[in-house]
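User: I have a structure open and want to talk it through. Can you take my questions as they come?
Analyst: Go ahead.

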Amino acid sequence: MRRVFCAAQASLERGKQLSSGGGVLAAAGRGDNTGDRRGAADFVQQPFLNYLRAATVLALGLIFGLAATALSLRSGAGLAAVRAGPWTAWPRIGGVDIDPYARAALARAGTAPLGRDQGLYFIARADSGGAPLDGRCEYRIGGATPSARYWTLTLSRPGGGLAPTANDRHGFSSSELLRKEGGAFEIAIAREARYGNWLSPGDLSSFSLTLRLYDSTLDVDARQDAANFPVITRLRCA
Amino acid sequence: MTMKARLVDLLPWAAATLVVAAIVHVVSILLMPEVAPRAALTRLSEIARDAELTPNGVVLLPAAAPGVEPLPNEDPAFAEGACLFDLAEGLLRVRASGDGDDFLGLSFHSAGGRVFHAMTDRSMIKGEIEFIVGLAAQIEELENEDEEAPPQEVHLTAPARRGFVLIRSLAKRPSDMARARERLRNVTCETVKQGEG
């Protein structure tokens, strides 16, 4: 009875030793752990050890593979991004040539993309100076927009969801904007009310801006000129 | 045993781990559209149970508000409707009309997350357009049986049996929202049994 117990304890110990790290595993695999019945131990140990290694490989592979998937889905809507100043678009998400990463990201988020022949949207998460958009700061958006039949500019959470705002307004369309003489426009982003076109980030600490172009003639295959896009200027921060 | 020898001993296992990780990554990315629990089609099927269905077969999506967005990342300036289709039941016929001024967009999405066709009211002929959506075999059969299709009828081959048509109608000002929603009622979605249509 006592002998059996000892044997069980010994094998338990061996198991601990095996599972306590790669270095020990390697050592054990070579059979250079001290023991008086070395040959027999090797005979029993080697296949068992390899099973253990294979299981580790599978488990780690599964973890790393899924981690890579989670990371790549978090980082955006796929490959082939088009950039102009702070604005980024993924023109291929609205066509049949959508890449697998974009397809996975859209499916995960539950988004139905805008068709390529309908328009294109650009997202900005930073101002034109490169600093992340901060809800405590005040911004002015102005300048040009790429040619389009209509465009809208929307303020949302960094992930794209709408946020509660003081005036229940989430964006402007090109046809409702108050414009200056000559057609230039300016949109103010601030927590407190501003004259003219005002968007409030509410209580958000960070936010993103989406510029959606409808029936746009923008050539997405060409290199984009940031001068054709709205400039986001940070004025002051609270 | 030296450290180096141990590392060399572990090298094939590390390589195997990388290979397994790469396979898991690729497979999970490719499978995501099939297994994602909250993909657009699933969301729309859930909404369709409670949302208003027009007599013309279009599900009117509830207006987006913070926290309650029928589909994420949609433009809040739009009124939206959807037609869910399963081509096993027959072809889908979609009719839309536009006045040439107000933006109306139709996009055709397959269950796997691909937009297989998209258009706006700009590409309508005399303010009218009609789509027949079917699988490759259904479209082929359709084209064999009637040679003279009306010029505004567009045949679309869907890459998958299930999917949805998303109809987006722009409200240029918040006060236009009701009118934009009305325009969705002019869109017709109906299932056509082969041979009858």
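User: What share of the contacts in chain A between residues at least 6 apart in sequence join residues at least 24 apart?
Analyst: That share is 65%. Two residues are in contact here if their C-beta atoms, placed from the backbone, lie within 7 Å. This is a predicted model, where local features need pLDDT of at least 70 and side-chain atom pairs count only at pLDDT 80 or more, while totals for chains, interfaces and linings use all residues. Residues are numbered from 1 along each chain as its sequence is written, and chains are lettered from A and ligands numbered from 1 in the order in which they are written.

User: How many helices and strands are in chain A?
Analyst: Chain A has 4 helices and 10 strands. Both are DSSP runs numbered from the N terminus, helices being H or I with at least four residues and strands E with at least two. The order from the N terminus is α-α-α-β-β-α-β-β-β-β-β-β-β-β.

User: How much of chain A is buried?
Analyst: Of its 238 residues, 32% count as buried. Buried means that 20 or more other C-beta atoms lie within 10 Å of the residue's own; 12 or fewer is exposed, and in between is partly exposed, with C-beta atoms placed from the backbone.

User: Take α4(A). Is the helix mostly covered or mostly exposed?
Analyst: Covered: 8 of the 10 residues of α4(A) are buried. They are Y101(A), A102(A), R103(A), A104(A), A105(A), L106(A), A107(A) and R108(A). After the helix comes G110(A), with a positive phi near 80°.

User: Why does A104(A) count as buried?
Analyst: Because 24 other C-beta atoms lie within 10 Å of A104(A).

User: And what does A104(A) touch?
Analyst: Leaving out residues up to four places away in sequence, A104(A) touches L73(A), I29(B), M32(B) and P33(B). As for G119(A), 15 residues from A104(A) along the chain, the two C-alpha atoms are separated by 21 Å.

User: Which residues of the largest nonpolar core touch the most other members?
Analyst: A82(B), V94(B), V133(B) and V165(B), in a core of 81 residues. Such a core is a set of buried Ala, Val, Leu, Ile, Met, Phe, Trp, Tyr and Cys residues joined through C-beta atoms within 7 Å. The largest share of this core, 6 residues, comes from α4(A).

User: What is V165(B) in contact with?
Analyst: Apart from neighbours within four places in sequence, V165(B) is in contact with A82(B), C83(B), V94(B), L106(B), F108(B) and C189(B). F108(B) stands opposite V165(B), which is in β9(B). Strand β5 (104-110) of chain B and strand β9 (162-170) of chain B run antiparallel and are joined by 7 bridges.

User: Which sheet is that in?
Analyst: An open antiparallel sheet of 6 strands in chain B, in the order β1-β2-β3-β9-β5-β6. Two strands pair if DSSP finds at least two bridges between them. β1 (52-53) and β6 (115-120) of chain B are the edge strands, each pairing on one side only.

User: Back to chain A. What does β9(A) pair with?
Analyst: Its partners include β5(A), antiparallel over 8 bridges, and strand β3 (119-124) of chain A, antiparallel over 6 bridges. L155(A) has L209(A) as its bridge partner in β9(A), and I123(A) has T210(A).

User: Where does β4(A) sit?
Analyst: In an open sheet of 4 strands with mixed pairing, in the order β8-β7-β4-β10 of chain A. The edge strands, which pair on one side only, are β8 (197-199) and β10 (230-237) of chain A. Strand β4 (137-143) of chain A pairs with strand β7 (186-189) of chain A in the antiparallel sense over 4 bridges; R140(A) has A188(A) as its bridge partner in β7(A).
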